[in-house]
Amino acid sequence: MNSYAPLLAALIALLAGLAIGKAWERYKLRGGTWIDRRRARQSPHYILGLNFLVSNQIDLAIEELSHAASLDAEALEVHMILGNLYREKGQVGKAITVHQSLLQRARLSRVEHAYVLLCLGLDYKRGGFVDRAVEAFNEVLRLDPKNEYALVNLQKLHEEQHQWIEAYDTRQRLTKLAAIESQPQSQAILAFLENEIGLEAMRRKDYPEAVRHFQAALDLDARAIPAYLNLGDVRVAEGKEKDAVTIWETLVEIAPDRAYLTFDRLEAHAVRSGSPDRFTKLCERLIEENPQDWRARLALARHLISDGSPQGALDLLFAALVQNPHALSIHQAIWRTLGQLRHPQTLVDRYGDLTEHAVFYLDPHVCMRCRYRSTELLWQCPHCHDWNTFVEERIAPAQDSTEVEV
Ligand SMILES: [Zn+2]
């Protein structure tokens, strides 16, 4: 019996140790009394608050989490979430007060400090306090140099202020952190930023510098469309028109879906250099390669109209209309051409038949991310600030108008 005593004592000591450890983990001595660290998280208010948060009922989430927070002034994450909810509600002042008071805490770990600062930076950004937001995000990065969230927000702030070089440097830090599979996307964003830096050089008429940046953009991403357009424009400004044409023709090869962006430039050059056929052939080839290309048809039609052959133009325009009945620019060209031909009844009737079921949109471009609409193709969305998110909006004509309910 006695031989069991040391074993028993050891077991009891072990259990006691475990219990004390658990208690230590759970309770914390504050002002001479033991505080239950898990009080806020164990209260039903915390769970309810999170549930409301998940179902996007922000007001109810704030109410429940406020209760949970009042049970435990120490629970950092509950207060942090509460502050973020105030920000989401647009109560930026309240959010800033909550997050600033968390920063005053004596024993924040490095990670906690960085996260509270990140929240504060987002508050400042939302409130439009740009300088303070930049300062907060930079402070986060001093504490945690790999904080991608701080880098993304910093990049957007620089972009909003057209500080392209700073935005570029920040995106470069992000690119280094990015996983291999998201590298091409990050490179494409860098290319857009290079293009913006090049445009600034172009405005200063510093052409060699502009060329360097547009070229760098193309090295980063061969599909950096605006860099081709701008590089060609610089070459024209430098008097190297042949180089410009080569660059724009490269764009057509690499991205036939964006070829139309070069049409005005290439047509003007073809006419100026006395070989308008060159432009006609380009359009014909594009239509042949992609029968849905309504823009090449429209461009060719305009070219034929200015050349004095409206009849051939009208056939092209009707064919373009079949591909995209919503494009106002096609209709405008048709109206003008019908006017030139003095409205022959058969052609007017044909136009009427083609447009019977069409719905018109003045703004055929839409952001894939936030559904922002624009009449022009934009490289950066003015609403969600993402790069290269616009696609041409096309809606097939309704098959049977009686079935459609809008
Ligand atoms: Zn957008």
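Helices (H or I, at least four residues) and strands (E, at least two) are DSSP runs numbered from the N terminus. The structure is a predicted model, in which local features need pLDDT of at least 70 and side-chain atom pairs count only at pLDDT 80 or more, whereas totals for chains, interfaces and linings use all residues. Residues are numbered from 1 along each chain as its sequence is written.

The protein comprises 20 helices and five strands, and 32% of its 406 residues count as buried. Here a residue is buried if 20 or more other C-beta atoms, placed from the backbone, lie within 10 Å of its own, exposed if 12 or fewer do, and partly exposed in between. Among contacts between residues at least 6 apart in sequence, 42% join residues at least 24 apart, a contact being defined by C-beta atoms, placed from the backbone, that lie within 7 Å.

Within helix 11, the buried residues are Ile189, Leu190, Ala191, Phe192, Leu193, Glu194, Asn195, Glu196, Ile197, Gly198 and Met202. The elements that cover these buried residues include helix 10 (164-177), helix 12 (207-220) and helix 13 (225-237). Just after helix 11, Lys205 adopts a positive phi of about 65 degrees.

Most residues other than glycine have a negative phi. Positive values are also found at Arg342, which is not a glycine and has a phi of about 60 degrees, and at Asn388, likewise a residue other than glycine, with a phi near 55 degrees. Arg342 is placed in the loop between helix 19 (328-340) and helix 20 (345-355), and it counts as exposed because it has 6 C-beta neighbours inside 10 Å. Asn388, in turn, lies in the loop between strand 4 (373-374) and strand 5, and counts as buried because 20 C-beta neighbours are found inside 10 Å.

Strand 5 (residues 390-392) includes Glu392, a residue that counts as partly exposed because it has 14 C-beta neighbours inside 10 Å. When residues up to four places away in sequence are not counted, Glu392 touches Pro364 and His365. The C-alpha atoms of Glu392 and Cys367, which are 25 residues apart along the chain, are separated by 8.9 Å.

Conventions: Contact = placed C-beta atoms within 7 Å.
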